[in-house]
Amino acid sequence: MDELFFSKYEGAGNDFIAIDQTSSGAALSTGQLLRMCNRKTGIGADGVLELRQSHVTGCSFRLVYYNADGREGSLCGNGARCSLAFAQNLGFIQLDSRNQQVTFEACDGAHKGGVLEDGQFFVDMRNVAVADITHVDKDSYFLDNGSPHHVTFVRDLADADVVHKGRELRWGTYGETGANINFAEAESNSRGSRLTVRTYERGVEDETLACGTGACASAIAAHVRHQNVLSSPRISDEEGEFPMMKTRVSMKGGTLEVQFKLENNTYTDIRLCGPARHVYDGKISIANLS
Ligand SMILES: N[C@H](CCC[C@H](N)C(=O)O)C(=O)O
C-alpha cells in the first residue's frame, strides 16, 4: 500500500483523520499514525478514527481511536460523533427520518448514536455511578466515563494556564497512565447555568479546541458540586421520576450539549450532542511517512 485515502472531520474544533479500514486494509504503525497527525509534516489532527467491521451482533461498525501520539486512546466523544458522520458518508449506515440512530462498537463497548433534526450528531455514553466519582480536592473531581477525566473548577478561565497546569496534573498526579485535565467555569443566571471548559488532552499532550468526553465529565462534575450529590444520596421514591438535565458546554472551537439524569445514585442517559463536519478528503503517500 503506497497511498492511503482519508477524510478529515471536525467536531467543535476537535479534529480527526478518518480512515475506512474495511477498504484500505491499512495496518498503520504507531510511528505512521503519529506522523500523519503532525501539523507541520503530516496532515494534522488531534487523533485518527479507524472504521472497522464489528463482530458484535447489532453493531453497524467498530471505531478504533488513536490519539495524536499514535497510540490507541480511550473513548473519544467527538471522534465517535464524527465517526457516525463518516460512516453515513461511506454508506455503512443510513441515518434518516425513519432511522435516527444506530449502535456501534467503541473501546468501552456498544454505544447508540445518531443524527438530530437540526443535523447535529449525538452519541450516548455509559452510565457513571456516583460512588465512582472522586472528590480530589476542594475544587476538583475525577471520573471515568470511557476516558479518565479530572475536572477543576476555576474563575477567570480565559487566563488559565491550561497547557502548563494540565501537563503538571496529567503527569504529576496521574503518572504514566495519565488523565485528561479539564478546567471549567460555571456561569449561572436566571435562565439556568452553562459551562465554559478548556481541556488538556492526554495523548495529544496539549490543549485541544474541544473534548466531548471532557464536556460530559465537566457537566456531571458541575452537577455533583452544585447539588452536593456526594453528601446527599439520590434514591428513587415511589414516583421514581427523575428530570433530564441539559448543560451547554462552550469550548474554544464550538458548543456541545450534554444531557443526563441522576437516577438511584447513578448518572444515566448521558448524551453528547454537537456538530460533526466533513472538511475534506485526501490521499497521503505512506512511503513518505515511514
Ligand atoms: N477528544 C476526545 C477525548 C479523547 C480521549 C483521549 N485524549 C484519551 O485520553 O485517550 C473526546 O472528544 O472525548
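Select D156 to begin: this residue sits in the loop between strand 11 (148–153) and helix 4 (162–172). The model is a predicted one. Check the backbone of D156: phi is near 55°, a positive value in a residue other than glycine. Most residues other than glycine have a negative phi. Now show the surface. D156 counts as exposed because its relative accessibility is 54%, and the cut-off for that class is over 50%.

Stay in this loop and pick D161. D161 also belongs to the stretch between strand 11 and helix 4. With 38% relative accessibility, D161 counts as partly exposed. Draw a distance from D161 to F122. The two are 39 residues apart in sequence, and their C-alpha atoms are 30 Å apart in space.

Next stop: R198. Find R198 in strand 13, which covers residues 192–201. Is R198 buried or exposed? R198 counts as buried, because its relative accessibility is 12% and the limit for buried is under 20%. Then look for the partner of its side chain. A polar atom of the R198 side chain lies 3.3 Å from the backbone oxygen of A158.

Now turn to the ligand.

- A backbone N or O atom of G212 is 2.6 Å from an oxygen atom of the ligand.
- An N or O atom in the N67 side chain is 2.9 Å from an oxygen atom of the ligand.
- A polar side-chain atom of E201 is 2.9 Å from a nitrogen atom of the ligand.

How much of the ligand does the protein bury? Taken alone, the ligand exposes 370 Å², and the protein buries 100% of that. Hide the ligand and display the cavities. The largest cavity is the space taken by the ligand.

Follow helix 5 to R225, which lies in that helix. R225 is partly exposed, with a relative accessible area of 25%.

Now select F16, in strand 2 (residues 14–20). F16 is buried, because its relative accessible area is 0%. F16 and D144 are 128 residues apart in sequence, and the distance from C-alpha to C-alpha is 22 Å.

Last stop: N265. Look in the loop between strand 16 (254–263) and strand 17 (266–274). What is the phi of N265? Phi is near 60° there, a positive value in a residue other than glycine. N265 counts as buried, because its relative accessibility is 19% and the limit is under 20%.

Note on methods:
Residues numbered from 1 in each chain as written. Predicted model: local features only at pLDDT ≥ 70, side-chain atom pairs only at ≥ 80, totals over all residues. Heavy atoms only, no water. Polar contact = N/O pair within 3.5 Å; in protein donor to acceptor, adjacent residues only side chain to side chain. Areas by Shrake-Rupley, 256 points an atom, 1.4 Å probe, with all protein chains shown as cover. 1 Å grid on protein atoms, 1.4 Å probe; cavity = no way out; pocket = protein on both sides within 12 Å on 5 of 7 lines; lining within 4 Å. Sits in = over half its atoms within 2 Å of the grid points. Helix = DSSP H or I, 4+ residues; strand = E, 2+ residues; numbered from the N terminus. Buried < 20%, exposed > 50% of the residue type's maximum accessible area, 1.4 Å probe, protein only.
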